[in-house]
Amino acid sequence: MKYLIVGLGNIGEEYQGTRHNIGFTVLDAFAKASNIVFTTQRYGDVAEMRLKNQQLLLLKPSTYMNLSGEAVRYWKNKENIDLDHILVVVDDIALPFGVIRLRGKGADGGHNGLKNITAMLGSNAFARLRFGMGNDFPRGMQIDYVLGHPSDEELAILPQRIDVAIEAIKAFCLSGLSFAMTNFNNK
């Protein structure tokens with residue numbers, strides 16, 4: 001079976017390592033741990049790997065966050081991947097920093113990347129792994145916060161939280177969404 005694992009983020013050095021790019025960060029760590037490399041292809045950077053008997057296509061869209069759906073739709077159709085085999089890794093300011101939460105479908109929560117993916121796929125019935133970024137910012141400063149870099153305290157726990165996210169992705173692909181949700185939500 002094929003799975004499309006999408007990490008949301010923005011391309012360009014100025015966005016590297018920002019809270020909004022946690023999807024890219026998680027996929028980069030997953031690829032490094034799996035000894036695979038991304039290649040630049042249509043609509044993004046892509047890496048392929050096998051996880052036991054599953055085939056995974058990791059995608060970091062190059063369409064910028066607000067147009068992520070273009071890349072997701074293209075690769076979903078090109079690789080003939082079912083909607084229930086798509087997992088999108090996304091930042092979420094509604095969750096405390098480092099908390100992950102898997103869901104099988106749902107609203108976009110005001111996240112423009114998820115909003116565009118839903119519009120381009122014509123459905124919100126795709127799994128998402130929401131990675132908490134916290135919301136420690138003054139009113140009206142949300143954009144500066146998500147496009148900013150994690151604090152030293154956050155950076156200290158980030159590698160361990162990324163490892164948890166990677167294990168959750170593996171569980172999703174190997175054992176299904178219900179198992180992954182039961183074993184990784186709020187851990």
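## Surface and overall form

The chain exposes about 9,000 Å², and carbon and sulfur atoms supply 49% of this area. Such accessible areas come from the Shrake-Rupley method with a 1.4 Å probe, and for residues only the protein chains shown count as cover. The model is a predicted one, in which local features need pLDDT of at least 70 and side-chain atom pairs count only at pLDDT 80 or more, while totals for chains, interfaces and linings use all residues. Residues are numbered from 1 along each chain as its sequence is written, and side-chain values use heavy atoms, with hydrogens and water left out.

The secondary structure comes to 6 helices and 7 strands; helices (H or I, at least four residues) and strands (E, at least two) are DSSP runs, numbered from the N terminus. From the N terminus on, the elements follow the order β-α-β-β-β-α-β-β-α-β-α-α-α. The radius of gyration of the chain is 15 Å, close to the 16 Å that the globule rule gives for 187 residues, so the chain is as compact as a globular protein of that length. This radius is taken over C-alpha atoms, and the globule rule is 2.2 Å times the number of residues to the power 0.38. Along the principal axes, the C-alpha atoms fill a box of roughly 45 × 30 × 30 Å.

## Burial, contacts and cores

Of the 187 residues, 50% count as buried. Buried means under 20% relative accessible area, exposed over 50%, and partly exposed in between (1.4 Å probe, protein chains only). Among the contacts with a separation of 6 or more, 69% are accounted for by residues 24 or more positions apart; a contact means heavy atoms within 4.5 Å.

A nonpolar core is a set of buried Ala, Val, Leu, Ile, Met, Phe, Trp, Tyr and Cys residues joined through side-chain atoms within 4.5 Å. The largest such core has 38 residues, of which Ile5, Val26, Leu58, Leu129 and Phe131 touch the most other members. Helix H5 gives the most to this core, with 10 residues. Apart from it lies another core, of 18 residues, among them Val72, Val88, Val90 and Leu114. Leaving aside residues up to four places away in sequence, Leu58 touches Ile5, Leu27, Phe30, Ala31, Ile36, Phe38, Asp45, Val46, Ala47 and Met49.

Helix H2 (residues 68–79) has 12 residues, which at 1.5 Å a residue should span 16 Å; its end C-alpha atoms are 17 Å apart, which agrees. The expected span is 1.5 Å times one less than the number of residues. The buried residues of H2 are Ser68, Gly69, Ala71, Val72, Trp75, Lys76 and Glu79. They cover an arc of only 160 degrees around the axis, which puts them on the same side of H2; the arc is that of the directions from the helix axis to the C-beta atoms. The buried residues of H2 pack against strands S1 (2–7), S2 (39–41), S3 (44–51), S4 (54–61) and S5 (86–92), and against helix H3 (112–121).

Asn116 is found in helix H3. With a relative accessible area of 14%, Asn116 is buried. Not counting residues up to four places away in sequence, Asn116 touches Asn66, Leu67, Ser68, Gly69 and Glu70.

Ala168 lies in helix H5 and, at 0% relative accessibility, counts as buried. Beyond its neighbours within four places in sequence, Ala168 is in contact with Ile100, Leu102, Leu129, Ala180 and Phe184. Ala168 and Ile100 are 68 residues apart in sequence and 8.9 Å apart in space, C-alpha to C-alpha.

Leu174 also has its place in helix H5 (residues 152–175). With a relative accessible area of 34%, Leu174 is partly exposed. Leu174 touches Leu51, Lys52, Asn53 and Gln54, not counting residues up to four places away in sequence.

Which loop holds Lys52? Lys52 lies in the loop between S3 and S4, and at 70% relative accessibility it counts as exposed. Although Lys52 is not a glycine, it has a positive phi of about 55 degrees.

Asn80 is found in the loop between H2 and S5, just after H2. Asn80 is exposed, with a relative accessible area of 66%. Asn80 is not a glycine, yet has a positive phi of about 55 degrees.
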